[in-house]
Amino acid sequence: MVGEGGALTELRRGVLAPCVLALLEVRPRFGLELVRDLAAADGLLTSDGTVYPLLNRLRDAELVTSEWRDDEGERARRYYSITEAGKQSVKAFRADWAQFAATVGAVLNHATPGGALDAANNGDER
Amino acid sequence: MSRTAVDHGDVRVYLYRLDIAMRGLPAVQYRELRDQIIAHLDDALPPEADDQQVAAALSQLGSPADLAAEARADFGPTIRAVLAASARRKWALIAGARTRTKVLAAVIVLGLVTGGTYLGVLLSAPLIEFGDSSVPWYTRDASRQVFATADGAQQVTFPIRSGQRQGFLFGIYNPSNFTETVRGPVTIYGTNAIFGGGGFDKVEMGVSVPNRVVAGGGTTRDVAFTLPASIPPHQYRLLRITWLSTMCLEGKGSGFLIDNLYIRVRVGWFTRTDVIHLGFGWGLSGPSTHPDTQPGPNYNKCL
């Protein structure tokens, strides 16, 4: 059985890539900016460093690109942008996620026909 | 001169541990992640960050081992699915092509694969390694070095001579099957970063020339040094580095740890930065002896 911490860790790992892509869909961001935006969404990021290997994998999968920008008065920074394939991936994930979240929610709350029957047999109050 | 994140001792130790944890990863992947972490810390920390701020930022980054494990992780299911779909689309395109086009495409792909494999082998050639021997280059430093043991490792420290030239002689080894050519020290934004931070100016570097003893023989003083210098596969050389010590080590008991050496090395067509891990064996000890003698607000302060 997956422990509480383990289940959440696996969930975070699974959803981090689409979340990064969703943030980049709004506008290009540099590393620390992405980290802070993800950290602001409570519980999404357990450690800042994990974002960078993920960004590199997304880049290798051609879902994001990166370029150095040397804005006046700022240090040179590497900005990450989403590609067309990345946008398609987020779009597909949004649709899948809505269905998936609804299914998981229904099972967890015993709202499925089997779940309602089992709950009744176990004497759970509904 | 304002400090960057890499100048902080704790950051250098973190990067050293990251270097160790990332061993075995392709050099390109390893260097890219290291650069990203340094850029992250430069952005996250103020120029004169104190120890507490640095410790918090490093803790938030996660352990080097976890980071390396993440870098080694396979693609997640979402990305893998996208890649698989992309591969299916490419195969459908190939299946629908005419024979002549297929042959041409196969020749091009074969050429690209062969060239790509060669490039990959070059880029992932093992980095030059520390050859397990090193001495201070100047007699004055050698005569004042102090040997100590900490955490089971031997440490050798000698006092900084601010405003004067100091140096080391290292043994280095080329573990790869390619000739690797040492090109010189690494500079970042015009600053020598030979040991990962500032304070080492006018760096001069040379690699020993085998069988070219200048006179007498028997001591390192008689060896000729040159740069750039090619090191054939699986051979040792001596690397001499001298610099003008310009860092300020304030107070008795202060020190600067030298654990990594950054050099530019050419392998085949590519020039890359090699990180030679020296362990925790070398240190410059304070206090600096280079006060500002000009009247003004810095009078008699360490420069």
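Where in chain B is B:Lys202 found?

Mentor: B:Lys202 is found in strand 8 (residues 200-213) of chain B. Helices (H or I, at least four residues) and strands (E, at least two) are DSSP runs, numbered from the N terminus. The model is predicted, and for that reason local features need pLDDT of at least 70 and side-chain atom pairs count only at pLDDT 80 or more, while totals for chains, interfaces and linings use all residues. Residues are numbered from 1 along each chain as its sequence is written, and chains are lettered from A and ligands numbered from 1 in the order in which they are written.

The backbone of B:Lys202 deserves attention. Its phi is near 45°, a positive value in a residue other than glycine. Most residues other than glycine have a negative phi, and most peptide bonds are trans. B:Lys202 counts as exposed because it has 10 C-beta neighbours inside 10 Å. A residue is buried if 20 or more other C-beta atoms lie within 10 Å of its own, exposed if 12 or fewer, and partly exposed in between, with C-beta atoms placed from the backbone.

B:His234 also has a positive phi in a residue other than glycine, near 60°. B:His234 belongs to the loop between strand 10 and strand 11 (236-245) of chain B. With 10 C-beta neighbours inside 10 Å, B:His234 counts as exposed.

B:Thr179 lies in the loop between strand 4 (165-173) and strand 5 (180-185), and is partly exposed, because 15 other C-beta atoms lie within 10 Å. Not counting residues up to four places away in sequence, B:Thr179 touches B:Ser230, B:Ile231, B:Pro232 and B:Pro233; contact requires C-beta atoms, placed from the backbone, within 7 Å. The C-alpha atoms of B:Thr179 and B:Val267 are separated by 6.7 Å, although the two residues are 88 apart along the chain. B:Tyr262 lies in strand 12 of chain B. It has 18 C-beta neighbours inside 10 Å, so B:Tyr262 counts as partly exposed. From B:Tyr262 to B:Thr187, 75 residues away in sequence, the C-alpha to C-alpha separation is 9.1 Å.

For chain B as a whole, there are seven helices and 13 strands. Of its 303 residues, 27% count as buried. Among contacts between residues at least 6 apart in sequence, 71% join residues at least 24 apart. In helix 1 of chain B, the buried residues are B:Val11, B:Arg12, B:Tyr14, B:Leu15, B:Tyr16 and B:Leu18. Their cover includes helix 2 (27-44), helix 3 (51-61), helix 4 (64-72) and strand 12 (255-267) of chain B.

Leaving aside neighbours within four places in sequence, A:Val20 is in contact with A:Leu34, A:Leu54, A:Leu55 and A:Leu58.

Where the chains meet, 22 residues of chain A are in contact with 23 residues of chain B. On the chain A side, helix 1 (4-26), helix 2 (31-40), helix 3 (51-60) and helix 4 (84-108) each supply at least two residues. The largest share, five residues, comes from helix 3 of chain A.

Chain A also contains an open sheet of three strands in the order 1-3-2, with antiparallel pairing; strands pair if DSSP finds at least two bridges between them. Strand 1 (29-30) and strand 2 (64-69) of chain A each have a single partner strand, so one side of each is left without a neighbour in the sheet. Six bridges join strand 2 to strand 3 (residues 77-82) of chain A, and two bridges join strand 1 to strand 3 of chain A. A:Tyr80 in strand 3 stands opposite A:Ser66 and is the bridge partner of A:Arg29. A:Arg69 stands opposite A:Arg77 in strand 3 of chain A.

Terms used: Contact = placed C-beta atoms within 7 Å.
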